[in-house]
Amino acid sequence: MMNQLVLSVPAISCGHCVKAIAESVGEVPGVGSVAVDFTAKTVLVTGTADPAAVRTAIAEAGYEVAG
């Protein structure tokens, strides 16, 4: 079953941020797609990935998930 997870990442401030987060999250098992919204400062993940693993991948890319 495909799920959607939307995370707020306030530190997204440039194209490099978008690329780094997308690449890191894309490596998490179960991630079907990743969309990083520069303007809204959000990360939308679809798939069957563990939300904790997605949060860890964002942290490993150097960013903090709000909330």
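**Reading contacts and burial in a predicted model**

Modeller: In this predicted model, Ser24 touches Ala57 and Ala61, once residues up to four places away in sequence are set aside.

Colleague: Where is Ser24 found, and does Ser24 count as buried or exposed?

Modeller: Ser24 is found in helix α1, which covers residues 15-26. Buried means under 20% relative accessible area, and Ser24, at 16% relative accessibility, therefore counts as buried.

Colleague: Which backbone atom lies 2.7 Å from a polar atom of the side chain of Ser24?

Modeller: A polar contact is read from a pair of N or O atoms within 3.5 Å; here the partner is the backbone oxygen of Ala57, and Ala57 is also one of the residues that Ser24 touches.

Colleague: How should I read a residue in a strand, and what does Leu44 touch?

Modeller: Leu44 lies in strand β3, residues 42-47, and, leaving out residues up to four places away in sequence, touches Gln4, Leu5, Val6, Ser33, Val34 and Ala35. Leu44 and Val6 are 38 residues apart in sequence, yet their C-alpha atoms are 4.5 Å apart in space. Because its relative accessibility is 28%, Leu44 counts as partly exposed.

Colleague: What lies over the face of Phe38, and how many aromatic pairs does a search of the whole structure find?

Modeller: Lys41 lies over that face, at 5.6 Å from the ring centre of Phe38, whereas the search for aromatic pairs across the whole structure finds zero.

Colleague: Which residues does UniProt list for "domain: HMA"?

Modeller: The unreviewed UniProt entry lists residues 3-66; over residues 3-66 the chain is 34% helix and 30% strand, with the end C-alpha atoms 20 Å apart.

Terms used. Residues are numbered from 1 along each chain as its sequence is written. This is a predicted model: local features need pLDDT of at least 70, side-chain atom pairs count only at pLDDT 80 or more; totals for chains, interfaces and linings use all residues. Side-chain values use heavy atoms; hydrogens and water are left out. Helices (H or I, at least four residues) and strands (E, at least two) are DSSP runs, numbered from the N terminus. Buried means under 20% relative accessible area, exposed over 50%, partly exposed in between (1.4 Å probe, protein chains only). Contact means heavy atoms within 4.5 Å. UniProt positions are given in the numbering used here, feature names are shortened, and annotations may be inferred rather than shown by experiment. Rings of Phe, Tyr and Trp (its six-membered ring) pair if their centres lie within 6.5 Å; planes under 30 degrees apart count as stacked, over 60 as edge-to-face and the rest as tilted. A charge sits over a ring if NZ of Lys or CZ of Arg is within 6 Å of the ring centre and within 35 degrees of the ring normal. A polar contact is a pair of N or O atoms within 3.5 Å; within protein, one must be able to donate a hydrogen and the other to accept it, and residues adjacent in sequence count only if both atoms are side-chain atoms.
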